[in-house]
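Hi everyone, thanks for coming. Let me put a structure up on the screen, and then we can walk through it together.

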Amino acid sequence: MDLSAYQRYLQEYVLEAIQNSDGTASKISEYLWSKDVGGLLTRQKAERRKALTEARRAFDEYRHWPVDIILSHLGITRDT
């Protein structure tokens with residue numbers, strides 16, 4: 001597994017979920033669950049699948065934490 005690709009996809013998925021939701025952990029989780037990895041010809045599918053699974057798990061399990069803490073737990077920085 002390419003760890004740099006995994007980290008890049010993890011950050012991409014989470015930041016996209018934040019932009020397309022109201023910013024709460026529950027809405028971010030809902031958005032992540034509506035997202036799909038892709039079709040048969042998707043490149044780096046294992047990395048994408050692992051990143052999406054990890055993001056979903058973090059926002060489901062730590063739903064009661066502030067979003068910034070969850071982002072820190074995942075190693076993601078939000079550029080605002």
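Helices, for their part, are DSSP runs of H or I with at least four residues, and they are numbered from the N terminus. Please keep in mind that this is a predicted model, where local features need pLDDT of at least 70, side-chain atom pairs count only at pLDDT 80 or more, and totals for chains, interfaces and linings use all residues. Residues are numbered from 1 along each chain as its sequence is written, and side-chain values use heavy atoms, with hydrogens and water left out.

As a reminder, an α-helix has 3.6 residues a turn, so residues three or four places apart point the same way.

Take Leu 52, which lies in helix H3. Leu 52 is buried, at a relative accessible area of 1%. If we set aside neighbours within four places in sequence, Leu 52 touches Tyr 13, Leu 32, Lys 35, Asp 36 and Val 37.

Now for the rings. Rings of Phe, Tyr and Trp (its six-membered ring) pair if their centres lie within 6.5 Å; planes under 30 degrees apart count as stacked, over 60 as edge-to-face, and the rest as tilted. How many aromatic pairs does the structure hold? There are 2. In one of them, the ring centres of Tyr 9 and Tyr 13 are 6.5 Å apart and the planes are at 25°, so that pair is stacked. Both tyrosines belong to helix H1, 4 residues apart, about one turn of the helix. The other pair, Tyr 62 and Trp 65, is also stacked, with 4.3 Å from centre to centre and 25° between the planes. Tyr 62 is buried at 18%, while Trp 65 is partly exposed at 30%.

Last stop: two charged residues in helix H3. A salt bridge here is a side-chain nitrogen of Lys or Arg within 4 Å of a carboxyl oxygen of Asp or Glu. Lys and Arg count as positive, Asp and Glu as negative, and His and the chain ends are not counted. Glu 47, in helix H3, is buried yet has no salt bridge, and the nearest side chain of opposite charge, Arg 48, is 7.4 Å away. Arg 48 is in helix H3 too, and is likewise buried without a salt bridge; for Arg 48 the nearest opposite charge is Glu 12, 4.8 Å away. Beyond neighbours within four places in sequence, the contacts of Glu 47 include Tyr 9, and those of Arg 48 include Tyr 9 and Tyr 13. That brings us back to the stacked tyrosines.

Notes. Buried < 20%, exposed > 50% of the residue type's maximum accessible area, 1.4 Å probe, protein only. Contact = heavy atoms within 4.5 Å.
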